Amino acid sequence: MSDDEFSADPARLDRARVHELLSEHAYWATGRTREAQDAAIAASRNYGIYTPAGEQIAYARAVTDGVTFAWLADVIVDPAHRGRGLGTRIVDGALADLDTLGLKRVLLKASPEARAVYLRAGFTELDEPDTWLQRRSQPR
């Protein structure tokens, strides 16, 4: 086990580092501004993994009503630290925190390369996917 530490303490977040990780290494966050990322952080439960020196090397957040539903989003591990199980650790830590809320459902959108991490964590295909709809923003 590594000496890296999982934390759900929002005061530990390195917001600039989170934005850097997502904007430079996450296809889904391409073009996201620092202001938008800071707003997403403010409206979410946030999780990090930190080296013994305090450097943030992984991030995840959950958007939730705190009672019935959560969406796990923006799960990212610094490319220099991948392959060490940090993706599994941050997902497990986030889910352990969310479990304390007694939520009915936690959803996420999984990239093909991370799918195995989520399946090991207990995620399954959507029940009745035909009943779920989405609305995308329209270009202005």
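Is R84 buried, exposed or partly exposed in this predicted model?

**View 1. The salt bridge between D4 and R84 in the predicted model.** The side chains of D4 and R84 meet with an N to O separation of 2.1 Å. Because D4 belongs to the segment before β1 while R84 sits in the loop between β4 (69-77) and α3 (86-99), the pair ties together parts of the chain that are 80 residues apart in sequence.

**View 2. R17 and D78 within a network of salt bridges.** Salt bridges link R17 and D78 with E20 and E55 in a network.

**View 3. The salt bridge between D97 and R45.** Here the two side chains meet at 3.0 Å, taken from N to O, and the pair links distant parts of the chain, since D97 belongs to helix α3 and R45 to strand β2, 52 residues apart. D97, whose relative accessible area is 19%, is buried, because the limit for that class is under 20%. R45, with a relative accessible area of 30%, is partly exposed. The count of salt bridges in the model comes to eleven.

**View 4. Strand β2 and its pairing partners β1 and β3.** Strand β1 (residues 5-7) runs antiparallel to β2 and is joined to it by three bridges, with E5 standing opposite Y50 of β2. Six bridges join β2 to β3, and these strands also run antiparallel; one of the pairings sets Y47 against A60 in β3. Five of the six residues of β2 are buried, so this strand is largely enclosed by the rest of the structure.

**View 5. The hairpin turn between β2 and β3.** Five residues lie between the two strands of this hairpin, and G54, in the turn, has a positive phi of about 95°. A53 is found in the loop between β2 (45-50) and β3 (56-64), and its relative accessibility of 77% means that A53 counts as exposed. The C-alpha atoms of A53 and D4 are separated by 9.0 Å, although these residues are 49 residues apart along the chain.

**View 6. The largest nonpolar core and the surroundings of I90.** This core holds 21 residues, of which Y47, L72, V75, I90, V91, L98 and Y118 touch the most other members. The elements giving two or more residues to this core are β2, β3, β4, α3 and α4 (115-120), and α3 gives the most, with six residues. Apart from its neighbours within four places in sequence, I90 is in contact with F6, Y47, G48, I49, A58, Y59, A60 and V75. A second, separate core consists of ten residues, among them V18, L22, I41 and Y59.

Technical notes: Residues are numbered from 1 along each chain as its sequence is written. This is a predicted model: local features need pLDDT of at least 70, side-chain atom pairs count only at pLDDT 80 or more; totals for chains, interfaces and linings use all residues. Side-chain values use heavy atoms; hydrogens and water are left out. Helices (H or I, at least four residues) and strands (E, at least two) are DSSP runs, numbered from the N terminus. Buried means under 20% relative accessible area, exposed over 50%, partly exposed in between (1.4 Å probe, protein chains only). Two strands pair if DSSP finds at least two bridges between them. A salt bridge is a side-chain nitrogen of Lys or Arg within 4 Å of a carboxyl oxygen of Asp or Glu. A nonpolar core is a set of buried Ala, Val, Leu, Ile, Met, Phe, Trp, Tyr and Cys residues joined through side-chain atoms within 4.5 Å. Contact means heavy atoms within 4.5 Å.
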